[in-house]
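Please look through the sequence and the model below before reading on. The paragraphs after them are meant to be read with both in view.

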Amino acid sequence: MDSNTLITTYPNIAATAFGRKGRITASIIIYSELYLVATGFLIREGDNLHKLFPNFALKLGNLTMDGTHSFVIFVGAMIFPLILLSDLGIFSYISFGGVISSINIVAAIFCVTITKGIEFHGKGILVNFKGLPTTLS
C-alpha cells in the first residue's frame with residue numbers, strides 16, 4: 001500500500017498480489033459476507049420484533065404476511081435509506097443510540113423495582129438452555 005496510493009481496498013490488494021483472478025475472488029468473498037451479514041441482521045430483527053408483538057400480521061388485499069416476515073420487510077425499509085448516504089458515520093450514532101437505550105431500559109427497570117416495591121419471586125427457570133444455540137448464533 002505504501003508503494004501505490006491507489007490501493008485502498010482488499011480487492012485492490014488482491015489484484016496487486018494475484019492479478020485479475022485475485023480481485024474477482026476477493027470481491028466475491030467480501031461481498032458475499034456483507035450480504036449474509038445483512039440478511040442475518042434482518043432475520044434476527046424480524047424475529048425479535050415478532051417476539052415482542054406476537055399477534056402482529058400485515059394484510060394488504062388478499063396478501064397476508066405473518067409477523068416475522070412483516071417485521072423483516074419493515075426493518076429493511078427502515079435501514080435501506082441509510083445505505084444511500086455518502087457518509088456512513090451515521091451508523092456509529094445508531095450504534096451509540098442502541099447502547100444508550102439499553103442502559104435506559106436497565107435503569108428504568110431498576111428504578112421501578114426500588115420505588116414501587118416490585119420483587120422477584122424466583123418462579124420458573126432462570127436460564128433456558130434449550131434456547132442457548134439460537135442466542136449464541
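What follows describes a pair of helices and then a single serine.

This is a predicted model, in which local features need pLDDT of at least 70 and side-chain atom pairs count only at pLDDT 80 or more, while totals for chains, interfaces and linings use all residues. Residues are numbered from 1 along each chain as its sequence is written, and side-chain values use heavy atoms, with hydrogens and water left out.

Helix H1 spans residues 10-18 and helix H2 residues 20-52, and their axes come within 6 Å and cross at roughly 150° (axes are lines fitted to C-alpha atoms, for helices over the stretch in contact, and angles run from 0 to 180 degrees between N-to-C directions; helices are DSSP runs of H or I, at least four residues, numbered from the N terminus). H1 is therefore roughly antiparallel to H2, a term used for angles over 145 degrees. H1 is followed by Gly19, whose phi is positive, near 85°.

Which residues of H1 are buried? They are Pro11, Asn12, Ala14 and Ala15, where buried means under 20% relative accessible area and exposed over 50%, with a 1.4 Å probe and protein chains only. Because they cover an arc of only 160° around the axis, they lie on the same side of H1, the arc being that of the directions from the helix axis to the C-beta atoms. These buried residues pack against H2, whereas Tyr10, Thr16 and Ala17, on the other side of H1, are exposed.

Ser70 is found in helix H3, residues 67-83, and is buried, with a relative accessible area of 4%. Leaving aside neighbours within four places in sequence, Ser70 is in contact (heavy atoms within 4.5 Å) with Phe56, Ala57, Leu58 and Met65.

Technical notes. Helix = DSSP H or I, 4+ residues; strand = E, 2+ residues; numbered from the N terminus. Parallel < 35°, antiparallel > 145°, perpendicular 65-115°, else oblique.
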